[in-house]
Amino acid sequence: TSLDKEFITNVLEYIHKNIGDSSLGVEHIAEELFLSRSKLYRKIKALTGDTATEFIRKIKLEKAKELLEKTDMTVSEICYKVGFSSPSYFTKCFKNHFGIIPKEIRLQK
């Protein structure tokens with residue numbers, strides 16, 4: 001529905017606006033949208049099939065992939081730019097999501 005689209009758009013806008021914040025989490029988004037944490041979890045799960053935390057992580061990883069393809073920033077710089085606080089954790093999440101490590105994206109470029 002249009003309300004669901006508007007909700008997801010608002011969530012995405014907030015995530016993109018604060019993508020570099022390593023403390024960005026469900027609490028921040030819930031507060032921004034005037035929802036309880038559990039209501040936000042239920043709504044995101046119903047609309048995307050992912051938990052709120054997974055959804056945030058996927059958005060960050062998609063942005064990281066885009067930066068890897070379009071910039072000459074190092075993997076570590078990109079890791080911090082999209083809000084991960086550990087390059088090793090970032091690489092692990094990236095590999096789980098895309099099936100390859102970030103460095104391989106750069107080599108394909």
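**Figure 1. Lys92 in helix α6 of the predicted model.** Lys92 is a residue of helix α6. With a relative accessible area of 52%, Lys92 is exposed, because the cut-off for that class is over 50%. Leu24 lies 68 residues away from Lys92 along the chain, and the C-alpha atoms of the two are separated by 19 Å.

**Figure 2. The crossing of helices α4 and α6.** Two packed helices are described by the angle between their axes and the distance between the axes. For α4 (residues 52–70) and α6 (residues 87–98), the axes come within 10 Å and cross at roughly 95°. The two helices are therefore roughly perpendicular to each other, since angles of 65 to 115 degrees are classed that way. From α4, the contact takes in Arg57, Lys58, Leu61, Glu62, Ala64, Lys65 and Leu68. On the α6 side, the residues are Tyr89, Phe90, Cys93, Phe94, His97 and Phe98. By residue class, this contact of α4 with α6 has 8 nonpolar, 1 polar and 4 charged members.

**Figure 3. The salt bridge between Lys58 and Asp50.** The structure holds 4 salt bridges, and one of them joins Lys58 to Asp50. The closest N and O atoms of Lys58 and Asp50 are 2.9 Å apart. Lys58 has 31% relative accessibility and counts as partly exposed. Asp50 has 13% and counts as buried, because the limit for that class is under 20%. Lys58 is also among the α4 residues that meet α6.

Figure 4. The side chains of Lys63 and Glu66 form a salt bridge with an N to O distance of 3.5 Å. Lys63 is partly exposed at 26% relative accessibility, and Glu66 is partly exposed at 34%. A salt bridge also links Glu69 with Lys65, where the closest N and O atoms are 3.9 Å apart. The relative accessible area of Glu69 is 39%, which makes Glu69 partly exposed. Lys65, at 25% relative accessibility, is partly exposed. Lys65 also takes part in the contact of α4 with α6.

**Figure 5. The packing of helices α3 and α4.** The axes of α3 and α4 come within 8 Å and cross at roughly 65°. Tyr41, Ile44 and Thr48 of α3 make the contact with Ala52, Thr53 and Phe55 of α4. These contact residues of α3 and α4 divide into 4 nonpolar, 2 polar and no charged.

**Figure 6. The nonpolar cores.** In soluble globular proteins, nonpolar side chains tend to be buried together. In this model, the largest nonpolar core has 15 residues, and Val11, Ile15, Ile29, Leu40 and Ile44 touch the most other members. Two or more residues of this core come from each of α1 (2–17), α2, α3 and α4. Helix α1 gives the largest share of this core, 5 residues.

**Figure 7. The surroundings of Ile44.** Leaving out residues up to four places away in sequence, Ile44 touches Phe7, Val11, Gly49, Asp50, Thr51, Ala52 and Phe55. Val11 is, like Ile44, one of the residues that touch the most other members of the largest nonpolar core. Ala52 and Phe55 are on the α4 side of the contact with α3. Asp50 is the salt-bridge partner of Lys58.

**Figure 8. Asp4 in helix α1.** Asp4 is placed in helix α1 and counts as partly exposed, with 25% relative accessibility. Asp4 touches Lys43 and Leu47, residues up to four places away in sequence not being counted. Leu33 is 29 residues from Asp4 in sequence, and the C-alpha to C-alpha distance between the two is 13 Å.

**Figure 9. Phe34 in the loop between α2 and α3.** Phe34 lies in the loop that runs between α2 (26–32) and α3 (37–48). Phi of Phe34 is near 60°, a positive value in a residue other than glycine. At 75% relative accessibility, Phe34 is exposed.

Key: Residues numbered from 1 in each chain as written. Predicted model: local features only at pLDDT ≥ 70, side-chain atom pairs only at ≥ 80, totals over all residues. Heavy atoms only, no water. Axes fitted to C-alpha atoms, helices over the stretch in contact; angles between N-to-C directions. Helix = DSSP H or I, 4+ residues; strand = E, 2+ residues; numbered from the N terminus. Parallel < 35°, antiparallel > 145°, perpendicular 65-115°, else oblique. Contact = heavy atoms within 4.5 Å. Nonpolar A, V, L, I, M, F, W, Y, C, P; charged D, E, K, R; others polar. Buried < 20%, exposed > 50% of the residue type's maximum accessible area, 1.4 Å probe, protein only. Core = buried A, V, L, I, M, F, W, Y, C linked by side-chain atoms within 4.5 Å.
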